[in-house]
Amino acid sequence: SGCELLDLLKPAPELIINKNEFEVPSSGDRCTVTVDANYEFDVVIPEDAAEWIKSNISGTDGDMVILTISPNKGYDGRTAEVTIKLKNYDLSETVTIVQKQTDAVLLDNADMVLSYEAGTFTIPISSNIPYEVTIIGEWISQVDTKAMVTENLVFAYEGNDTVSDRVAYINFKSIKGTKRATIRQEPHIVD
C-alpha cells in the first residue's frame, strides 16, 4: 500500500549528542548539549532530579539542549541521568550530570568552659574536605586515639593553678576558610 512505501522512504532515525557527561560545581551551572537528530526529540529528566535540573531546547534549528543546574546546598554530591529521546522511535542518548557537594567544616561545642583541673574534652567535627588543626595555647594538646575516629577530636588540657582564668583557641583550617573553637579555663580559687 502507499503508506508502507512512504515509511520505507523515510530516513532511518539518527540521534547524536556532543557530550555525555558534565561535572558541575556546587554553585550550579548551565550545560549545553548539541543534538544532531533527524526527527523531533524530548528531554526526560528523572523525577528525583526535577527540582534541581531544568531543560530548555533552543538554537536556530532546535538543536541545543540547555540544562540549568541549581546550586547544591547539601553536603553530599548528587548525580542524575538526563535522557534525550527521539519522539516515536526507540532511540535515545544519556547525559550524566555529576554535581559537587557544598564543602564544609562544621563544629559542635565550639566554645566551652573547663574546670581548673586537668582533663580531656571532645570537639565533634563534621567535614567533607581535608582540614588541619592548629592549637593556640600551650596548655592544650590533641590526643591521638587508637580507635578510628572520624568526627570527634579529643584534646587534653593542663590544670590551671593560677588565680586568673585563661583562654586558648583551636583553629580548623580548610580550603573554605578557618573555623575557631574558643576554650576558656576557670581559675583555681582557694578559699
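Q: What percentage of the 191 residues in the chain is buried?
A: This is a predicted model, in which local features need pLDDT of at least 70, side-chain atom pairs count only at pLDDT 80 or more, and totals for chains, interfaces and linings use all residues. Residues are numbered from 1 along each chain as its sequence is written, and side-chain values use heavy atoms, leaving out hydrogens and water. A residue is buried under 20% relative accessible area, exposed over 50%, and partly exposed in between (1.4 Å probe, protein chains only). Of the 191 residues in the chain, the buried part is 28%.

Q: What is the radius of gyration of the chain?
A: The radius is taken over C-alpha atoms, and the globule rule is 2.2 Å times the number of residues to the power 0.38. The C-alpha atoms fill a box of roughly 110 × 35 × 20 Å along the principal axes. A compact globule of 191 residues would have a radius of gyration near 16 Å, whereas the chain has 29 Å.

Q: Which residue of β14 stands opposite Gln142?
A: Two strands pair if DSSP finds at least two bridges between them. Strand β14 (residues 152-157) is antiparallel to strand β11 (residues 119-127), with six bridges, and Ile123 stands opposite Leu153 in β14. Strand β13 (residues 140-143) is also antiparallel to β14, with four bridges. Opposite Gln142, the residue in β14 is Phe155.

Q: In which sense, parallel or antiparallel, do β10 and β16 run?
A: In β16, the bridge partner of Met112 is Ile183. Strand β10 (residues 111-114) is joined to β16 by four bridges, and the two run parallel.

Q: Is Thr182 buried or exposed?
A: Thr182 has its place in strand β16 (residues 177-185). Leaving aside neighbours within four places in sequence, Thr182 is in contact (heavy atoms within 4.5 Å) with Ala110, Asp111, Met112, Val167, Ala168 and Tyr169. Its relative accessible area is 16%, and therefore Thr182 is buried.

Q: Is Leu9 buried or exposed?
A: Leu9 belongs to helix α1 (residues 2-9). The C-alpha atoms of Leu9 and Pro46, 37 residues apart along the chain, are separated by 35 Å. Because its relative accessibility is 64%, Leu9 counts as exposed.

Q: What value is phi of Asn88 near?
A: Asn88 is in the loop between β7 (78-86) and β8 (92-99). With a relative accessible area of 78%, Asn88 is exposed. Most residues other than glycine have a negative phi. Asn88, a residue other than glycine, has a positive phi, near 70°.

Q: How far apart do the centres of the positive and negative side chains lie?
A: Lys and Arg count as positive and Asp and Glu as negative, while His and the chain ends are not counted. The place of a charge is taken as NZ of Lys, CZ of Arg, CG of Asp or CD of Glu. The chain has 16 positive and 31 negative side chains, and the distance between the centres of the two sets is 5 Å.
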